[in-house]
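Let's take a walk through a protein model together. Keep the sequence and the 3D view open while you read.

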Amino acid sequence: MFFTRAAVSVCALVAAMPVLAQDTIELEQITIEGEATDGFFGEAVATSTGTITKTGDAIAETPRSVSVVTEQQLQQRGARTVEDALKYAPGVTAGQWGLDARSDWSLVRGFSPTTLHDGLPARYGYYNDTTPEPFMLDSVAILRGPASGLYGSGSVGGVVNTTSKTAAQDAPNLWQLQVGSHDRLQGGVDVSGDLNASGTLRYRFVGLARDSETQVDFSQDDVLAFAPSITWRPSEDTELTVLANYQDADRSPLIQFASLYGTLQPATGFGNGAFLPNSLFIGEPDFDTFETEQRSITAMFKHRFNATWSMNANFRYLEGEAEYQHAWWAFDNFANGRYNPDGTINRTFYRAENDLKTLALDSYATAEYALGGVQMRTILGASYTRGTHDSDIGYGAQIAPIDPFNPVYAGFNPITVTDTPGTSVDEWGVYAQNRASFDRWIVDFGLRYGAIETGASKGSFGTTTPAADDDKWTGNAAVMYRFDNGLAPYLSYATSFQQDAIGADAAGNPFDPTEGEQVELGVKYQPAGTDMLLSAALFDLTKSNMLVQDPANPGFQIQTGETTARGLELEAYRNFGDVSLQAAYTYLDTENAAGFDIAQTPSHAASLWVDYKPADMLPGWQFGGGMRYTGTSWDGSGTQATPAYTLLDASIGYERDNWRLALNITNLTDERYVTTCQSGACYFGEGRTALLTLSSTF
């Protein structure tokens, strides 16, 4: 019923979009003026899908929901994390755990997405690696909906891919200095050039150093990162890029797991005050830490054999480790709001020594040819990944409770960790994707067969005894029709699987992977010769084979659960002379396996970013403003709601010659809010922060 009603709305939007068209020009003839699309840091808005679909097709000609955040947008909005990069994208709930430096958190269409870096798997396990620094990135892309046909075992919600800056990209030399709230001081450099007279060998070095505190008391956010790369391009047909990456972060966990009482509701009658400050720190100043280090080497190869065949191959080896110590608000005393009778609280002391090793390879050949009157593009590929992660943990007893409203820190006892076996994941797959273009039609379809094995690690790559061994066929299909005026309606179908149900039922039968399925009906509109892009998508998404309690065998589980997400996404980019705007709206109707709304997923979310460049009145000046609305969300059990909130962002910049000075302010009004509440705990959002950034090209 929802899909039928929503389809009527999209059909009405389809009918209205052509009114905005001016000329009747075939879509293939699109040319975009450089000054309309280029900013100080490059492309102002992405019109191509880049590498996330492995094709580089125009977004307007892709019958899937794709958003790409460019380097210009990252800088323009003062993004400090990947979470920040995602906050203006439709269908995405970013930073749902609030202040948390341990990872970049997001939900795409209600589900945690698969995370990739340079098109390869980026994470196994938790809290064992560094998070990407936006200054080091060329773009952040989101592919919404199942994508196992391209990437194997993964989330039904979609894929988030971060792309590194490398020597293969043209970029000016740049240095940057940034100061901001909480004593933030960051310097960055991005330099490149030729290594030989012929220009066939180029280098690029991107690096940053940061010394900073954060909103949370007794915390830090210090980072050292650098990524040198070399690109060898002996001809127009061959390119090899080798990228090294090193990142060392000395941070604090930040997340406090604070009680509902004192955050969302007053603690009157429970604690020794009403509302806690959003700078709350209930850990120990010399104990809480999250120190991570990562080293990786990546190789990216491209070669065109002839007018028909070309190939791409990407490889990465990565090592990461983390020392994680955290004292958080204990989950006890629930009858008294998680407070002791005297208003103090107990704390859980935790220590973990985590490490990670990954090896990933993805190689595919592309053939472009004509078959009768049909233009064909066929992709044949294979991938292989290995990941080993280990977490050795220990718990310690507190010395004394503390009062969160007036903390007097009591110190801590040393914690000994227990050595436990790690976990290894091995996955391989072969896949084929095909596009047929004829007249005004685009027809895409693809299949992938993959196998994945998970089990206890031997201490290196590979497993001893597999805990789960699965294989699966997945696929995708789509059709799009392109009108001359830039209107392009489409219908797509995609499936996914994920090995996230480990174990067996009461009869000893091993659990199957969860499965995902999505139908999407959408329309895109891009008038020829412009970078304006309007898109609308309706989707009906189901995740099945989820574990629920076995009513016939208490203590066991069966795979009869389903989670659904149905919704509407709208996204628009439009340039009106000196003014440009980007807007997004998301409506989600979700239901988890227990029959409640998916946790942390609001039914309504919207964002708007407006840029104004008064070139004639105030040459060089640029003014930006953003609004982010997050609607009411629930805890997954229908018990606790988290109220809606609206945040405002602002930026002012001045550019002259090769210089740019910009002031970015997030949460302009210093709104006090919580991002989510569940299981008796609430999580603070970030207060007002200001960044002053000086950039110069040379």
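## Some ground rules

Two strands count as paired if DSSP finds at least two bridges between them. The strands themselves (E, at least two residues) and the helices (H or I, at least four residues) are DSSP runs, numbered from the N terminus.

This is a predicted model, so local features need pLDDT of at least 70 and side-chain atom pairs count only at pLDDT 80 or more, while totals for chains, interfaces and linings use all residues. Residues are numbered from 1 along each chain as its sequence is written, and side-chain values use heavy atoms, with hydrogens and water left out.

What does pLDDT tell you? It is the predictor's confidence in each residue, from 0 to 100. The protein chain has a mean pLDDT of 93, and 94% of its residues reach 70 or more.

Where pLDDT is low, the predicted coordinates should not be read in detail.

## The big picture

Count up the secondary structure and you get five helices and 36 strands in the protein chain. Its C-alpha atoms fill a box of roughly 80 × 70 × 55 Å, taken along the principal axes. A compact globule with 698 residues would have a radius of gyration near 26 Å, and the protein chain agrees with that, as it has 25 Å. This radius is taken over C-alpha atoms, and the globule rule is 2.2 Å times the number of residues to the power 0.38.

Buried residues make up 54% of the 698 residues. Buried means under 20% relative accessible area, exposed means over 50%, and partly exposed is in between (1.4 Å probe, protein chains only). Among contacts between residues at least 6 apart in sequence, 67% join residues at least 24 apart.

## A run of paired strands

Start at strand β18 (residues 347–371), which pairs with strand β19 (residues 374–396) in the antiparallel sense over 23 bridges. Ala365 stands opposite Leu380 in β19. The hairpin of β18 and β19 has two residues between the strands, and Gly372 there takes a positive phi near 65 degrees.

Next, β19 pairs with strand β20 (residues 423–438), again in the antiparallel sense, over 15 bridges; here Ile379 faces Gln433 in β20. Then β20 pairs with strand β21 (residues 441–457) over 16 bridges, also antiparallel, and Val425 stands opposite Thr454 in β21. β20 and β21 form a hairpin with two residues between them, and Asp439 in the turn has a positive phi of about 55 degrees.

## A five-strand sheet

Now look for an open sheet of five strands in the order β3-β8-β9-β6-β7, with mixed pairing. Which strands stand at its edges? They are β3 (65–70) and β7 (120–121): each has a single partner strand, so one side of each is left without a neighbour in the sheet. Strand β8 (residues 137–144) and strand β9 (residues 158–164) run antiparallel and are joined by seven bridges. Ala141 has Asn161 in β9 as its bridge partner.

In the loop between β6 and β7 you'll find Asp118. Asp118 isn't a glycine, yet its phi is positive, at about 55 degrees. With a relative accessible area of 8%, Asp118 is buried.

Gln72 sits in helix α3 (residues 71–76). Buried or exposed? Gln72 has 2% relative accessibility, so it counts as buried. Leaving aside neighbours within four places in sequence, Gln72 touches residues including Phe40, Phe41 and Glu43.

Arg109, in the loop between β5 (106–108) and β6 (114–117), is buried too, with a relative accessible area of 0%.

## The disulfide

How many disulfides does a search of the whole structure find? One. A disulfide is a covalent bond between the sulfur atoms of two cysteines; the cut-off used is a pair of cysteine sulfur atoms within 2.5 Å. Cys677 and Cys682 form the link, with their sulfur atoms 2.0 Å apart. This link is right-handed, with 115 degrees about the S-S bond, and both Cys677 and Cys682 are buried.

Definitions and conventions: Contact means heavy atoms within 4.5 Å.
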